[in-house]
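Colleague: I would like to learn how to read a protein model. Could you walk me through one, feature by feature?

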Amino acid sequence: MRTQVGIVGAGPAGLMLSHLLARLGIDSIIVENRSRAYVEARIRAGVIENWAADLLAETGVGARMQREGLVHEGIEIGLHGERRRIDFKRLTGRGIMVYGQHEVVKDLIAARLAAGGKIEFEISDTTVHDFDGKQPKIRFKKNGQVQEFSCDFIAGCDGFHGICRPSVPAGVITEYERVYPFGWLGILSESPPPSHELIYSYTERGFGLYSMRSETISRLYLQCAPDEDLAKWPDEKIWQELKRRLGPDGEKILKTGKVLEKGVTAMRSFVIEPMQTGRLFLTGDAAHIVPPTGAKGMNLAIADVLFFSRALDEFYRSGKTALLEGYTKKCLARVWKAQRFSWWMTSMLHLNPADNAFDRRRQFAELDYVTTSEAASKSLAENYVGLPID
Ligand SMILES: Cc1cc2nc3c(=O)[nH]c(=O)nc-3n(C[C@H](O)[C@H](O)[C@H](O)COP(=O)(O)OP(=O)(O)OC[C@H]3O[C@@H](n4cnc5c(N)ncnc54)[C@H](O)[C@@H]3O)c2cc1C
């Protein structure tokens, strides 16, 4: 087996890269250690930035998103129960698309397979080799048999816990990291969301986020300890706390329903520099993680692979390597702005156990400012809908 670009991982980054490359006439093979059913059911992100939704639509994988996704023109921020709206449309002229990451994954897999794309699911023991030369190789096991293919480039799209980043020789990468002293307890439920837009609620009991996947399915989160024990959270207790963190009308406006999924997510900001070595290029969560408060993770993954696909296009059309050499710089300019925004939203909205009474009042003043100043709310809005991509 041989291909031009060997891709490790069939998450949003790997699938979108393969899709973009196919449109440029560049061949790729994806290897993924999970099954198709597993990756198509993995519930994660749900907010797509304006430009990314346009990119999905323009490249022919956005039809279902445009039919079933929800276009939102703002969010609400709750201050001890009083909700104030940030009007994205008025402030930026743009909105966001609410559409589950697993739906994007389904659409991309369907498109790749329909176009004859190659995805090897349920493989194991992936290793990457020889990326310091011109013929890198990807080796893996399928049905107990070792298989190998060579390629011109390897795209490490295998997420935070993948094998590509650890395969980079020691000393090449510098890691930048911040771990937060809280996490999110999230549920997916068969119930209508309390509002037609997302509510980010700051309260003395901790942060709550009220989002949705559709008009009948809600995605709800509570700030919790990073190692919170789910066993201590029966459904009834979760609903009660979600109502409390919504404010005085929480009881009335939050409808309960069957809990379909429950989990705890720890929060971390993480970036590596550089995102490439030889002919191994890291993308998405393999290279950077943001806390989910800013809704940026999947969007950054899509931006990275857009930049990488342009660089590969230039290389295959003209032999030039300028865009490939500039890949890290191009991605990180966007990544660090998204890191700043995600860190800021997270710090502003969560109760940090290390904070004192001064910090709480400063935090409240910041939320009050952001929700009443035209300049401050515009800054939040332009970052949330997505900074322009060039
Ligand atoms: C609770 C939560 C909420 C979030 N909300 C948002 C949001 O609202 N908006 C947003 O933009 N982002 C959000 N994110 C982040 C977003 O989900 C990630 O940033 C996104 O999944 C990154 O895509 P990726 O393709 O880089 O990595 P992944 O989605 O992690 O994909 C990596 C793939 O590689 C595979 N893989 C791993 N190791 C191997 C191996 N050795 N061999 C072969 N395959 C391998 C994995 O199985 C996986 O399929 C959220 C994340 C969480 C956890």
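This is a predicted model: local features need pLDDT of at least 70, side-chain atom pairs count only at pLDDT 80 or more; totals for chains, interfaces and linings use all residues.

Colleague: What holds strands together in general, and which residue of β16 is the bridge partner of Leu 185?

Modeller: Strands of a sheet pair through backbone hydrogen bonds, either parallel or antiparallel. Here, Leu 185 has Leu 222 as its bridge partner in β16.

Colleague: In what order do the 8 strands of the open sheet come?

Modeller: Read across, the order is β6-β5-β14-β15-β16-β13-β17-β20, with mixed pairing. At the edges sit β6 (82-87) and β20 (288-289), each pairing on one side only. Helix α8 (residues 235-246) packs on this sheet, and its direction makes about 85 degrees with that of β16.

Colleague: Now a helix, please. What span should α10 have?

Modeller: An α-helix has 3.6 residues a turn, so residues three or four places apart point the same way. As for length, α10 (residues 297-318) has 22 residues, so at 1.5 Å a residue it should span 32 Å; its end C-alpha atoms are 32 Å apart, which agrees. Of those 22 residues, 17 are buried.

Colleague: And salt bridges: how many does a search of the whole structure find?

Modeller: The search finds 27. In one of them, the closest N and O atoms of Arg 64 and Asp 107 are 2.9 Å apart. Arg 64 lies in helix α4 and Asp 107 in helix α6, so the pair ties together parts 43 residues apart in sequence.

Colleague: Is Asp 107 buried or exposed?

Modeller: Buried, because its relative accessible area is 13% and the cut-off for buried is under 20%.

Definitions and conventions
Residues are numbered from 1 along each chain as its sequence is written. Side-chain values use heavy atoms; hydrogens and water are left out. Helices (H or I, at least four residues) and strands (E, at least two) are DSSP runs, numbered from the N terminus. The expected span of a helix is 1.5 Å times one less than its number of residues. Buried means under 20% relative accessible area, exposed over 50%, partly exposed in between (1.4 Å probe, protein chains only). Two strands pair if DSSP finds at least two bridges between them. Contact means heavy atoms within 4.5 Å. Axes are lines fitted to C-alpha atoms, for helices over the stretch in contact, and angles run from 0 to 180 degrees between N-to-C directions. A salt bridge is a side-chain nitrogen of Lys or Arg within 4 Å of a carboxyl oxygen of Asp or Glu.
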